[in-house]
Amino acid sequence: MRIAVCPGSFDPVTKGHLDIVTRASKLFDRVIVLVVINAAKTPSFTPEERVRMIREVIGDSLPNVEVDTFSGLLADYVRDAGAVAIVKGLRAVSDFEYEFQMALANKKLNPLADTVFLTTASQNMYLSSSLVKQIAQFGGDISDFLPPQIVDKVAGRLCSQR
């Protein structure tokens with residue numbers, strides 16, 4: 001069984017994230033969407049809330065996708081899960097520089113796993129969770145950027161953080 005891990009903060013999960021996960025689910029037997037807890041970031045949603053939102057968005061539509069959360073070295077999680085790949089979405093060349101460094105470090109820490117880069121769909125090239133949060137905090141319409149199941153939840157939380 002070919003297992004892939006698709007890590008990220010998913011704060012919140014966007015249509016861009018969902019596109020990458022959906023495409024990865026067609027390439028691998030099992031995909032683990034991994035909400036990574038990064039102590040250097042101040043998220044708007046708890047890890048549990050992010051996991052719930054991802055599960056709500058995916059529902060039964062991707063039966064080979066599961067969601068988990070982790071704090072630690074990604075290479076360790078990948079090894080423990082028996083995964084053969086880390087899937088990362090790329091929007092621009094600037095993403096590649098950072099992700100390439102991370103891929104090399106992860107390969108050094110876990111030689112059995114490769115990083116697979118999927119380029120974003122053109123309509124998602126500018127899309128990021130940070131952008132969505134900024135728009136929502138000023139009361140802007142975020143419905144084009146998020147799966148419909150979570151728009152109200154995200155808008156309600158972020159608009160109140162002003």
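These questions and answers walk through the fold and packing of a predicted model.

Q: In what order do the helices and strands of the protein chain run from the N terminus on?
A: The protein chain holds six helices and five strands.

Q: How many bridges join β1 to β2?
A: Strand β1 covers residues 3–8, and β2 covers residues 30–36. The two strands run parallel. Within this pair, I3 stands opposite R30. The number of bridges joining β1 to β2 is six.

Q: Which helix lies between β1 and β2 in their β-α-β unit?
A: The unit formed with β1 and β2 is right-handed. Its helix spans residues 15–27. That helix is α1.

Q: Which residue is the bridge partner of V31 in β3?
A: Strand β3 covers residues 65–70 and pairs with β2 in the parallel sense, over six bridges. The chain gets from β2 to β3 through helix α2, residues 47–58, in a right-handed crossover. In β3, the partner of V31 is V65.

Q: Why is strand β2 largely enclosed by the rest of the structure?
A: Buried here means under 20% relative accessible area. Strand β2 has seven residues, and it is largely enclosed because the buried ones number five.

Q: Which residue of β4 is the bridge partner of A4?
A: Strand β4 comprises residues 85–90 and is mostly covered, with five of its six residues buried. Two bridges join β4 to β1, and the strands run parallel. The partner of A4 is A85.

Q: Which residue of β5 stands opposite I86?
A: Strand β5, residues 114–119, runs parallel to β4, joined by six bridges. The residue opposite I86 is T115.

Q: Through which helix does the chain cross from β4 to β5?
A: This β-α-β crossover is right-handed. Its helix takes up residues 93–109. The helix is α4.

Q: What radius of gyration does the protein chain have?
A: The C-alpha trace spans about 45 × 35 × 30 Å along its principal axes. A compact globule of 162 residues would come near 15 Å, so the chain agrees with that rule at 15 Å.

Q: What share of contacts with a separation of 6 or more comes from residues 24 or more positions apart?
A: Contact means heavy atoms within 4.5 Å. Counting contacts with a separation of 6 or more, the share from residues 24 or more positions apart is 78%.

Q: What share of the accessible surface belongs to carbon and sulfur atoms?
A: Of the 162 residues, 44% count as buried. The accessible surface comes to about 8700 Å². The carbon and sulfur share of that surface is 56%.

Q: Which element gives the most residues to the largest nonpolar core?
A: This core has 33 residues; V33, I54, V87, I142 and V154 touch the most other members. Elements that each supply at least two residues include β1, β2, β4, α5 (129–137) and α6 (151–159). With five residues, the top contributor is α2.

Q: Which residues does V154 contact, leaving aside neighbours within four places in sequence?
A: V154 is among the core residues that touch the most other members. Beyond four places in sequence, V154 is in contact with P12, F45, M53, I142 and L146.

Q: How many residues are in the other core, which lies apart from the largest one?
A: Among the members of this other core are I32, L34, Y77 and A81. In soluble globular proteins, nonpolar side chains tend to be buried together. The residue count of this other core is 11.

Terms used
Residues numbered from 1 in each chain as written. Predicted model: local features only at pLDDT ≥ 70, side-chain atom pairs only at ≥ 80, totals over all residues. Heavy atoms only, no water. Buried < 20%, exposed > 50% of the residue type's maximum accessible area, 1.4 Å probe, protein only. Helix = DSSP H or I, 4+ residues; strand = E, 2+ residues; numbered from the N terminus. Pairing = 2+ DSSP bridges. Right-handed = clockwise from strand over helix to strand, strands pointing away. Rg over C-alpha atoms; globule rule 2.2 N^0.38 Å. Areas by Shrake-Rupley, 256 points an atom, 1.4 Å probe, with all protein chains shown as cover. Core = buried A, V, L, I, M, F, W, Y, C linked by side-chain atoms within 4.5 Å.
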